[in-house]
Structures are given as C-alpha cells and as structure tokens.
Amino acid sequence: MNEAGVAVRTVESRMASRVARKSLRWPTSSLALGCLWAAVPLAAQSRSVAVTITEGTNLAADLSPDGRTIAMDLLGRIWTVPAVGGRATPLTDELGDARQPAWSPDGRRIAFQSYRDGTWHVWSVAADGSGLRRHSTGEYDHREPAWSPDGRSLIVASDRAGNYDVWRLDIATGEVEQLTDDPADDFGPHVRGDGAIVFVTTRRSGPGIWLLDRGVATPWARVDGQVAAPAFSKDGRTVTFNLFSNNQSRLMVANQGEEPRPVSEPGGDAFPFRASWLGPGDLLYTGDGQLRRVALDGTSNGAVPFEARLEFTRPSYRRAVPRFDDIAPVPVRGIASPTIAPDGRSFVFAALGDLWSLADGAVTRLTDSPAVETDPQFARDGRHLVYASDLGGTMDLWLRDMATGATRPLTANTGGAALPAWTPDGTQVVFQVQRGLGTEIQAVAVATGAVSVIRRNLFQPSRVSFSPDGRVLAVTALKANSTKYREGRNDLLLLDATGGGDRWVTLPGGRGIGARGIDGPAWSPDGRQLAFIMDGLLWRMPVTPNGTPAGPPIRLSNELANSVSWTRDATTIGYQATDGLRAVAVATGAVTPYSVPLTWRRSNPKGRIVIHAGRLWDGHGDRARANVDIVVVGHRIAQVVPHRAALHTGRVVDASAQTVLPGLADAHAHLGFGTGEALGRTWLAYGVTTIRDPASDPFQIRERREAVESGRRVGPRELATGRIFDGERIYYGFNNAIAAGGQLELELARAAELRFDLIKTYVRLPDVVQRRIVEVAHRHGIPVSSHELYPAVAYGTDHVEHIRGTSRRGYSPKVTALYRSYQDVTALLTSSGMSITPTIGIQGGFAALVAKDPSLLDDPRLLIAYGPEYVANLKRPASVSGPFAPNLAGIASQGETVRRVVRGGGRVIAGTDAPIVPYGLSLLTELQHYVEGGLTPVEALKTATSGFAAAMGLEAELGSVAPGRLADLTIVEGDPLERIADLRRTWGVIKNGRVYRLGELLATARPAGPP
C-alpha cells in the first residue's frame, strides 16, 4: 500500500521480456540518423495496477425511478451502485468517455453522452450492461440527455444550428426536432412529467434558468453566475441547479419566479450536474468527491459510500533517447518555411539559424549571423526576398535584393513580425504580430516603411495570400462550431481589402484546412486556384476571382505536405515533404523531389573545467554537500570530489560562495513566438538548460534545436515534438485535425522518421485513437502525453499535462471548478508511474505571486526576450485581473494536489505553459507554488531536475550532478534548499560544458523602445 491506499503489483510480462531483448526497428529512411539516437530500457517490467476508487472528481449521478440504484459516470464509464452504497458495477468499457447518466422512466435503460467515435453522441445501455446503443448521428455534438416522460424520445443540447439549442431526439427513428432557437446558448435540459422542459440559457433578456412549455419559453429564475444542470422535483414545482459564483460551487433550489437559495453547505464543492430527488425534501447530488445527500433545509444527510475497482497493466517499452556524444555529420532535418522561387528554379528556406537557397542540387548560404532568420517569401517578380529576423534586436521584417545580396530592415520594433506575404503589385508586405491570445494583420509599405493595421483579434490565422487584384486576402482561420465551446474547424476566411464584408467559406465535403500557419491557402498568381493542405495532403481547388469555390478539391500528393507556394506562372506548386522538398506540376501531377545536401554536427566542447562549489546539491540527496569540486571534461562531468587545490588546473569557475545544482528543466513550454535569438539566452539566464516543447511545427522546432546543438545559437536543450494530434475539431493553430484512417498512419510514420521526443494528443481525439497512437509511438520508443488521465493511464500514456487544462467535456475529470482533485486522480497518479505537469502558474499562480511581490517583474532578465513594453504591461493591474487572475484558494488546492501526489509516490514534473506566463521566470515561481503547497524545497527542485530526467528516460544523462552526466549546471547565490526563492538569484549557468555568466547573457539584451 502506498500513502494513497493503493495496491500496486509489478509483474514481468512475457511480451515485455521479448521487447527488452530486441533493439527498436526504425523506418529504413531513418537509418542515416541512427548515430544520434539510441534505445534504452525504461520501465523494463510491465506494471500491473489494481486501484480501488472511493472518490470521484466531477462525477455525475442519477437515481433510478424505483429509488434502489444509482447510476454514476466515474472516470468516463457508467457504473451502478446500490442506493445505500456498496461495490460499483461497470456497465460500459473504458474507451467510451461516457458521461452524465439519465435513467429511463421505466428504469430499464440508462442514457448518457459518449465520445466513443470522436463526436459527442447520445447512447443508452440496459441496466444490466447489455444492449449498448447509439441514438444520435452526424458531425454535431449531442450532450446532456434527459428522457421524455413517455420514454420515446430524448431531450438533448446540441450545436446542430451553430450554437447550443435544445432538441428532441426520437429514439425509434433517430429524427431530431429543434425546440429552442436563440442566438444565445440553451443547454442542460430536463423534462417535467407534463413534458415541459427546464434549461439553462445565456440570453441577454435574462440569463439563468428558463422553462419551455408548449413551445413558449419563459424565465424560471434569473441567476448571475455560471449555471448548470437544472432538474425538476417530482411534483415539478421546484428546480435544483448548480451555481458557480464568487469561488463558491453550490447546489441551489428555486421555485418559478422566486429567489434561488442554496441547500449545499458553504465551502463545499458541488459538482455541475443534475441532482436527484430521493423524496419530497431529500436530495442526492455529487460533490466533494462523493455521492451526497442533503435536505432542502440544508441539513446534510451524509454520503452514499461506493467502491469501484480498476485493474490494468501499463505496458513496458524501450525509450529512444539522443546520443549526446556523437559528433558525426548528419543531414539537416530542420528545413523551416521553404518557399519556391517564382521562376521555379530554386527554393529558399531557413536552417541552422540562417537562410539558404537550393538550386541545381547545391545549397548557398544567403545570411550569416547569430540572429534568427526565417519565414522567407519572394516578391512575385523574384527580385526581392522578405524575411523575419532579429538582427536589429527584435523580430522584424528585412528585405534582400536577390541580385546584389544587399539587405535592409523593413520594419522596426513591431513586437514580433511573422509570416510575411507580398501584395501582388509588390508595394506592400503584410505580416502578423501576436497580441496576447489574438493576432494582428499589419501591412508595411516597401518604399516608406509606413505600417498600418489591416485586421485585429484574429486567432492564430495562416499566412495571408492575395487574389491577383489584391482586393481579397485569403487566410485559414478558426471557425468555432458554437459560442459555448471554443473548438471548431479551420475554414477559409476571405477578407475584403476594400472595406466590404468578410466571408467564411467551407471547403466542399466539410473538411477543414490543415494546421494554420504555412499550410495554405496559397492563391495561384492567375487567381484561378487555391492550394492548401487537407487531411495532411496537398490539394488544389478551382475558385472564382473572389475566392468562391468553383469545383471540388483535387488531391496532388499521397504523402504528408507542408509549406505551400506557387511559381509565378501558376504551373507548379512547391511544398515540403518529411524527407525533403517537392515541386508538383499542376497540369499532370508529376512530382519532382529535391533533397537538401546540408549537414550539421553536434558541437561538443573540449578541454577541462573545474567548478569549485561552496554548496552542491546533486539532484537526489536531501541536503547539499559543502566545498566540492566538479571536474568537467568536454561536455560531461568527470569527477565530483571534495575540494582539493591540486585539481585546480586549467579553467576554474570559483563558485565557492554559491550553490551549484543540476540545470533546470521546463517540461511544458511553447517556443517560437516571435522572440528570436534572445529566447535561448533568456532560458539560460534563469538557469534552465532543458526544455520540453509539447507542440510546435516539426521542422521549425528542429531548426531551433539543430542551430543550438551545432553551436550556431545559444540556448537550452530542446526535446522536440511536432504538431498536436487532435480530432476533427481543433482550436490552436498548431493542432493537427487528424482524419480517420490513412492520415493517422502517415503522421505516426513522420513522428518516427523525424525522431520525435514526444507525441502530444489533444482533447478532441477519441480514446480509441489515442490508444492506437500510444501503441505505435511506443513501438518506436516515443513517449506520449495528453490532457487525459483515464483511460490514458491504463493503455500506457506516459504523461498528463496540467492539473486543470482544456477538456472536451466543458469541465475537467482531473479538477473541479474550485481546483480540487479527489482520490480517483491521486490514486491513479501515485499507482501508475504516469507523470503530471501541474502548470499552476497559468491558473492564477503567477499573477498571485506578482501581486504579493511586484519586485518579481523588476528582474532585468525579462528584458532579454521581451523588452520594456511587455514588462510594463505585466505590471498593470489588468494583467492580474483577467482570465489568469489569482485565485488564492484554487492555487492552494492545486498545491495540495501536488503534495499528495509526490508524497504518495507519484511523479510530478515542473512546467509552465509559457509564453502564457513569462519564459524562465515562471518555472522558478512554479516551484515556489509547490513549496507553498507543502513540498520541501528539495522535493520541489527534483520536479525540475532528477524527477524530470527520470520521466523522460534521461536519468543517465540529465538531472543530477554525477560522473558521466552531461555538464548542465545552475549556479545561484544563497541556498534554494532552504529558501526556494533563492533559485531566482542566478549567478551563472553551465550548459553542455560551456560556461555562461549572467552578465554575459544580459549583455546583448534587446534595446528599449516601443513595440
């Protein structure tokens, strides 16, 4: 038994034994990179886990009509339990994500919503677990089922009409009838005995609870706050509902027209689901992790105890890790943002920190500086190239004369210019600047440098492409399926440059364009076609002069494609494949492959360095050792011994008044948001030597990594992945909407080919597909992460992101609205070895620390990557009063969850979700949250050092100070083992055996100036 009361059995499986004796088999085309990677044992034994669950986080329940049985949706499965309490019996399997059960009037069936096939549909199952049946169909979500009194139909909330309305679903025929029709969202229906329906609405005329009776909707109770799950009493005169307001989550009751009143206790954690009426004055509801009973007068009648048994075996596999000692030349894989020249005779792309041209089978370097150069785009006449660079200190646009090689800045202090595109006449370049979570499209006049704003508040759109007359700008943008949930489809958005109306265009067949960014649309110069990526492949589609589709899309590739561009004569499309560049003839479909003859090698230093540490914490012990010498030879630690003057030959780093500890790791940060070369120095200035980026363009992330590892730029190690694997509805621009079948297998093959360090799956991907991804990824030694806890933990997902993160359900199975996690969450984490990255900082934690100690923002390191305007914005009161405002009780609850997981033997690894919170600094404040939640400073430090390394399968390389480990060290003033805030007092850092003093990293901070 561990601290959480969980029995854990570890057994050796025969399959695990066979796998352990075999080396991994990689795709044949990947063998050229084999010298950079190795397969190492990780969890050499399968782990068989048996868990008894006695509490549930955000579970819903319903009482049977005869009052004898409770149906509940613990961990995404429908269970029944006697109304007096006892052992729970599962009715559905673990892959259906079955939620919000509702008994039929005759007590024979239980309806629920399920995400089994990648869309929320209404299903039902017999009370004995037989006869599983789906009732709704189609591409739209159907949620929150309630039975009609005669049991012949189900009343549901659905986004079939573009927002959420109440619908009737006929069980016999499957036909649907819309019952409410308002621009606001109507949801959470429940049915009275006479057929009247109560529901929640966000209508401006009176948000709260409304009644639909014989087709007429009238208010039942106006309620301010977040309202959910109304339910009629048996006599139909009273309605219960959940109200979340002012950091309170209460069960409420209201008669029509009367003031609602709470019945659950203050400070409790009532869950946002329907209550059941046990009798005229007795209610059953879910809250505080339990099935609870309460009287209408607020008197608690205790809880209904339950036990649910889970058993699963987490499979073992061999983890592939980099070979950090190999310095042989290998092919460059970080070919970022390639574009074909207007004459079709060459490509230009970014690699190893510079721009390059590929022509006639040879590469030519176009730029040569420590700055970042990326996003090249040709003017239509081919005479000039625009690109983004931070050569002047900030990411701005630069112009290159292709005949002379002369360059000049085109913009200054834009705040991070990206994705440039020329107007057809070559007089302007449009580009994008990130403003918080929104994006501005701006234009700069090439002749004068004058900048204007074209559009504001788009969300991560694609690069702009113009109609030939310049009157229409085409982008891919997110079109949400409803106003209630944020996910949607990447549709074509046509912006009228003359001030007319903008238009949304859905592709024929209803599929979305691929990830936003550089996957199109790309308008042909003759205006007759758009090229784009859909289902991972390259397509073209005939269009009218204003961008309206004039025919169905035509597929041009059978392989994954990215980065679409046209030649000037509109006869050829250039694109990027996994293993190189391509040009496809539009008329014939003939594809010409282009390999890039460019190599790089890892830059490992030579020589010997001795670090004299006044205090050394090695990443494992409970206390520091005093007066220690760390001998580094090349890029690895050779000795860790008591201080001896005789060792001090060659270069000596005198840290005799400082504390030395392993380099820190941020397990969840997103890079590449317009900060340029300075971002690498920022991380090191905070003592962070390793980053895990769980979502990025797969080629851009490799360009960054190869530039750093080759010594071209300064920065941390980066564990690289690619775009997020998501379902057909997506949100972020770097999410990949994965179509069923072939695209998934192609994406998995790319992950193996490019040696992903991680695959991240996202919330709209159904569990059955996520399980397939885990199986294939593990076969190639690649770990998998997601936002899901169960059943992900059962089929072997390695990591779970965020205590509170995005969820397809509209609420989280890991944490409640009050930020509380119950025994089901902690038991699964402590028993399984699955790691969790809490990211408390983005849930108000960082803002809370700033409010408590504003001097955090006086840190000069913030100016390296961000500049003074960003820091000034952080200091404004609005920055700590918005969606990430501090919630002290919620922050404390998350800290308590971290403590329970760590003390129960679970694995927590620190991460931030930067840049939502500032790079570097937010990792140090994240660790402070863990200490304030009850961990010792040593326990907190392990989450960013040895614990991180173990979770990544890199414990033999990173996370500790010992002979043979990579020489990644952080040196700080003070003693963070006693006072975690001392971790912010960076004195210097050693990354891969190279020494950087803080002053050196600060010396080239970007200049002051307006954004």
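Colleague: In this predicted model, how do the residues that line the second largest pocket divide into nonpolar, polar and charged?

Modeller: The lining divides into 17 nonpolar, eight polar and five charged residues. In all, 30 residues line this pocket, and Asp 62, Leu 63, Trp 103, His 190 and Val 191 lie nearest its centre. Asp counts as charged, whereas Leu, Trp and Val count as nonpolar. The space in the second largest pocket is about 710 Å³.

Colleague: Which element gives the largest share of that lining?

Modeller: Strand β9 does, with four residues. The elements that give two or more residues include β4 (61-63), β9 (99-103) and β17 (186-191).

Colleague: What makes a space a cavity and not a pocket?

Modeller: A space is called a cavity because a 1.4 Å probe fits there but cannot get out, while a pocket is open. The structure holds 14 cavities of 30 Å³ or more, and about 520 Å³ of space lies in the largest cavity. Among the 30 residues lining the largest cavity, Gln 377, Phe 378, Ser 465, Ser 565 and Trp 566 are the closest to its centre. The largest share of this lining, four residues, comes from β52. The lining of the largest cavity divides into 17 nonpolar, ten polar and three charged residues.

Colleague: Why is Thr 761 called buried?

Modeller: Buried means a relative accessible area under 20%. Thr 761 has a value of 0%, and is therefore buried. The residue is found in the loop between β66 (759-760) and α5 (767-779). Beyond its neighbours within four places in sequence, the residues in contact with Thr 761 include Ile 724, Phe 725, Ile 773 and His 787.

Colleague: What makes the approach between the side chains of Thr 761 and Gln 770 a polar contact?

Modeller: The limit for the N or O atoms of such a pair is 3.5 Å. The side chains of Thr 761 and Gln 770 are joined at 2.7 Å, so the distance meets that limit.

Colleague: How many aromatic pairs are there, and why is the pair of Tyr 732 and Tyr 762 called edge-to-face?

Modeller: The count comes to 14 aromatic pairs. Tyr 732 and Tyr 762 lie 6.3 Å apart, centre to centre, with 70° between the planes. Ring centres must lie within 6.5 Å, and planes over 60 degrees apart count as edge-to-face, so the pair bears that name. The two residues are 30 residues apart in the chain, and both are buried. Both also belong to one aromatic cluster with Phe 459, Tyr 731 and Phe 734.

Conventions
Residues numbered from 1 in each chain as written. Predicted model: local features only at pLDDT ≥ 70, side-chain atom pairs only at ≥ 80, totals over all residues. Heavy atoms only, no water. Buried < 20%, exposed > 50% of the residue type's maximum accessible area, 1.4 Å probe, protein only. Polar contact = N/O pair within 3.5 Å; in protein donor to acceptor, adjacent residues only side chain to side chain. Contact = heavy atoms within 4.5 Å. 1 Å grid on protein atoms, 1.4 Å probe; cavity = no way out; pocket = protein on both sides within 12 Å on 5 of 7 lines; lining within 4 Å. Points joined across faces, edges and corners; volume = space filled by probe spheres on them. Phe/Tyr/Trp six-rings, centres within 6.5 Å; stacked < 30°, edge-to-face > 60°.
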